[in-house]
2 protein chains.
Amino acid sequence: MALIVQKYGGSSVADATSIKRVAKRVAEAKRAGHDVVVVVSAMGDTTDELIDLANQVTPMPPQREMDILLTAGERISMSLLAMAIHNLGVDAKSFTGQQAGVITDEAYGKARIIDVSPSRIKDTVARGEVAIVAGFQGVNPTTNDVTTLGRGGSDTTAVALAAALKADVCEIYTDVDGVFTADPRIVASARKLDRISYDEMLEMAASGAKVLVLRCVEYARRYDVPVHVRSSFSTRTGTLVTNEAQVNEEGELVEQPIIAGVAHDRSEAKITVAGVPDVPGKAARIFEVVAGAGVNIDMIVQNVSAAATGLTDISFTLPAADGSKATAALTEHQPDIGFTALQYDDTIGKLSLVGAGMRSHPGVSAKLFAALSEANINIEMISTSEIRISVVTRADSLDDAVRAVHTAFELDSTEDEAVVYGGTGR
Amino acid sequence: MALIVQKYGGSSVADATSIKRVAKRVAEAKRAGHDVVVVVSAMGDTTDELIDLANQVTPMPPQREMDILLTAGERISMSLLAMAIHNLGVDAKSFTGQQAGVITDEAYGKARIIDVSPSRIKDTVARGEVAIVAGFQGVNPTTNDVTTLGRGGSDTTAVALAAALKADVCEIYTDVDGVFTADPRIVASARKLDRISYDEMLEMAASGAKVLVLRCVEYARRYDVPVHVRSSFSTRTGTLVTNEAQVNEEGELVEQPIIAGVAHDRSEAKITVAGVPDVPGKAARIFEVVAGAGVNIDMIVQNVSAAATGLTDISFTLPAADGSKATAALTEHQPDIGFTALQYDDTIGKLSLVGAGMRSHPGVSAKLFAALSEANINIEMISTSEIRISVVTRADSLDDAVRAVHTAFELDSTEDEAVVYGGTGR
């Protein structure tokens, strides 16, 4: 008997039929003797429909009101799910983020969880009932107003609640079978991973893998919550995200594969600041200006200075969504930075190879570059962490690059696995 | 400068366009120098759609979850309205029933307001902002769970809030121009009343007039809150519901009209318990059984006992919706009551003539019966209060009866008034 936190995304509770299927699954876990806490997202497209309504009313909705509006979505799905479970003869009660004790800061629209005090959830579980909790929301204790957690917020709610309840596992139900070695829509032979470490999952999420958001994985790692990513449409085992050192039944350390997977990201753009005087402090000034516009940058390359002119070029990548903010800020500061031209390029792609085994296996980057070279793919930028190598390519050669690297590192599946893949809920 | 509580029903906020129109109205009142608190219902058919979703999930939704589900409706409308007002340059914040301090008992689905502590609303108004409050909902302080107030609940929220805030007036915006001397769908010459007393409005509401629910009028009378019923689709003055004694500008008592209006009700049925032994205690036993089934009865008639048999017939009216409950209970107790037969008739109609002036003007009932007799309408049952006379007729002669009485008491409009009439929100 275990305490299980289950999280179901929007596509898993899209309509009455789906809600009844989820209810059956919850009731089965309960009848198998487990204590069950369920975190639920809004039904299907509810959130988009509410955003659309807000936009019909005003082009600039105040964020406090936007959060009140959006939290209506989980209120609907959570109460319907509680009813559906109740209908199967299992007692269930639903709770808002506030009632579940999810305390956040006051950054409406992208609040961070600062504490979870789930006394009502504990009481409910102790009474033998299933507790259903609204994902994606919390309360700002200063004003007692509701807040939302931003994209992937329900996953974060589930992991935070699992940590506070000291749950045995946090099951994230989604519309894919688990975490894959690459996006199966690009690499047909991608394999589902049985397990992946927190660090690897963090790098995958930061590099464009959409199955879990970064903040959720950070939370799981910090509180050591085992996360089981699995499909709500099958009973297959998914991917266990857990700490690195694992022992098998004989007490031996299980050997880690060198490479976990290949992630890709099409959402970045590249800005090149050309003709920057090659004197100390100029690069710092550029990144100050960009940071001042609230834009996070990812990779940076500085060209070797042309001795004749004393000028250099600095390129960096950033989320394409922030492109106009960053170029506007730089153009405004052109006089004091003193560059000659600004180039903006949103036709780039980023490929990242992630694996904890890189630490102890030299030669991974050499093999990566060789594979890309053989496939005739040009590398424009490179960045590395201890367990990741990322390269920027042209956007239109990204798919080929992912396939070439996947094959070169022998990640291709040899079995004829049935693979399900799609987007995830929030 | 006054403190105004405005309430907008579901049809007034049915879509983004309507919400923007309401926002404009609120902003105008604010710019005219008034403090404004707005109570809002769920948008258009939202509540029905949510009930439909619940029924798709389970035939017997637990009432606690049903209330959580339904309160999502006001959450959506209140935040959208706050956004729309904000967009007009007027600061506005929305609050749930709980945040507005609406404390109820724990009768989920039909909770009664037991206290209103609107400190957050007072603070908001004091800051010069408009406060938007979700109607129809409150919080059960024992469990901190949300409750709903049942039909007409948003009107009750508005009046309760107006009482707690000591507002100068509570404006109930609806899709009709005010309270009419009769339903204009039946009586084309019905007139809008400029004012009506609490007592008269109570009798009208209890007798089938749909414009305000009974509980809301009771609350207004108890706390002496002037209620202005008016259309959200025009700027015309509506009907002021207020206490009876009114003085004009010269300090003279304004004369009351004898009759306020004619209400009708098609929602009742009649049960006749035939062949009841005419001995003490039998009638009491019948009404004990009916009350035990949770059914409220309205009018009662006992026939004169036939001396030969020592048996009598007892007829009473009740909401037709409770018909099967009442007949089942009576049939179950037939042995101990000892009646011979039960007749159920749901083809009756009830007409009620309401007017505070009846107290001092004899002859009203004689005039009523004469008018019905002239129109060849048979009276099956009669009941009276100090300011009301009700009669039961055949359902198919009810419209004729209403028109005949309306004309006999000279209530017909002589002007060519444009009349708007329809249902009300919840």
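This is a predicted model: local features need pLDDT of at least 70, side-chain atom pairs count only at pLDDT 80 or more; totals for chains, interfaces and linings use all residues.
The axis relates chain A to chain B.

The contact draws 27 residues from chain A and 27 residues from chain B. On the chain A side, helix 1 (16-31), helix 2 (46-57) and helix 3 (63-87) each supply at least two residues. Helix 3 of chain A gives the largest share, with 13 residues. By class, the side of chain A that touches chain B holds 16 nonpolar, eight polar and three charged residues.

Within chain A, strand 1 (residues 3-8) contains A:Val5. A:Val5 has 29 C-beta neighbours inside 10 Å and therefore counts as buried, since the cut-off for burial is 20 or more. Leaving aside residues up to four places away in sequence, A:Val5 touches A:Val37, A:Val39, A:Ala158, A:Leu161, A:Ala162, A:Leu165, A:Ala167, A:Cys170 and A:Glu171. A:Ala131 is 126 residues from A:Val5 in sequence, yet their C-alpha atoms are 9.6 Å apart.

A helix pair follows. Two packed helices are described by the angle between their axes and the distance between the axes. Helix 5 (residues 153-165) and helix 7 (residues 214-223) of chain A pack at about 10 degrees, and their axes are 8 Å apart. Angles under 35 degrees count as roughly parallel, so helix 5 and helix 7 of chain A are roughly parallel to each other. Helix 5 of chain A contributes A:Asp155, A:Thr156, A:Val159, A:Ala160 and A:Ala163. These meet A:Arg215, A:Cys216, A:Tyr219, A:Ala220 and A:Tyr223 of helix 7 of chain A. The contact of helix 5 with helix 7 of chain A comprises seven nonpolar, one polar and two charged residues.

Further along chain A, four strands form an open sheet in the order 15-16-14-17, with antiparallel pairing. Strand 15 (300-302) and strand 17 (341-345) of chain A are the edge strands, and each pairs on one side only. From one strand to the next, the twist averages 15 degrees. Strand 14 (residues 268-277) and strand 17 of chain A run antiparallel and are joined by five bridges. A:Thr272 stands opposite A:Gln343 of strand 17 of chain A.

Helices also contact these strands. Helix 8 (residues 282-292) of chain A packs on the sheet and touches strand 14, strand 15 and strand 16 (311-319) of chain A. The direction of helix 8 makes about 140 degrees with that of strand 14 of chain A. Helix 9 (residues 323-332) of chain A lies across strand 14, strand 16 and strand 17 of chain A. Helix 9 runs at about 175 degrees to strand 17 of chain A.

Helix 12 (residues 398-408) of chain A has buried residues at A:Leu398, A:Ala401, A:Val402, A:Arg403, A:Ala404, A:Val405 and A:His406. The buried residues of helix 12 pack against strand 13 (261-265), strand 18 (348-354), helix 11 (364-374) and strand 20 (388-394) of chain A. A:Glu410 follows helix 12 of chain A and has a positive phi, near 55 degrees.

In chain B, helix 7 (residues 198-206) is mostly covered, with nine of its nine residues buried. Among them are the charged residues B:Asp199, B:Glu200 and B:Glu203. B:Tyr198, B:Met201, B:Leu202, B:Met204, B:Ala205 and B:Ala206 are also buried in helix 7 of chain B. Just after helix 7 of chain B, B:Gly208 takes a positive phi of about 115 degrees.

B:Arg185 occupies the loop between strand 9 (169-174) and strand 10 (195-197) of chain B. B:Arg185 counts as exposed because 12 C-beta neighbours lie inside 10 Å, and the cut-off for exposure is 12 or fewer.

Methods: Residues are numbered from 1 along each chain as its sequence is written. Chains are lettered from A and ligands numbered from 1 in the order in which they are written. Two residues are in contact if their C-beta atoms, placed from the backbone, lie within 7 Å. Axes are lines fitted to C-alpha atoms, for helices over the stretch in contact, and angles run from 0 to 180 degrees between N-to-C directions. Angles under 35 degrees count as roughly parallel, over 145 as roughly antiparallel, 65 to 115 as roughly perpendicular and the rest as oblique. Two strands pair if DSSP finds at least two bridges between them.
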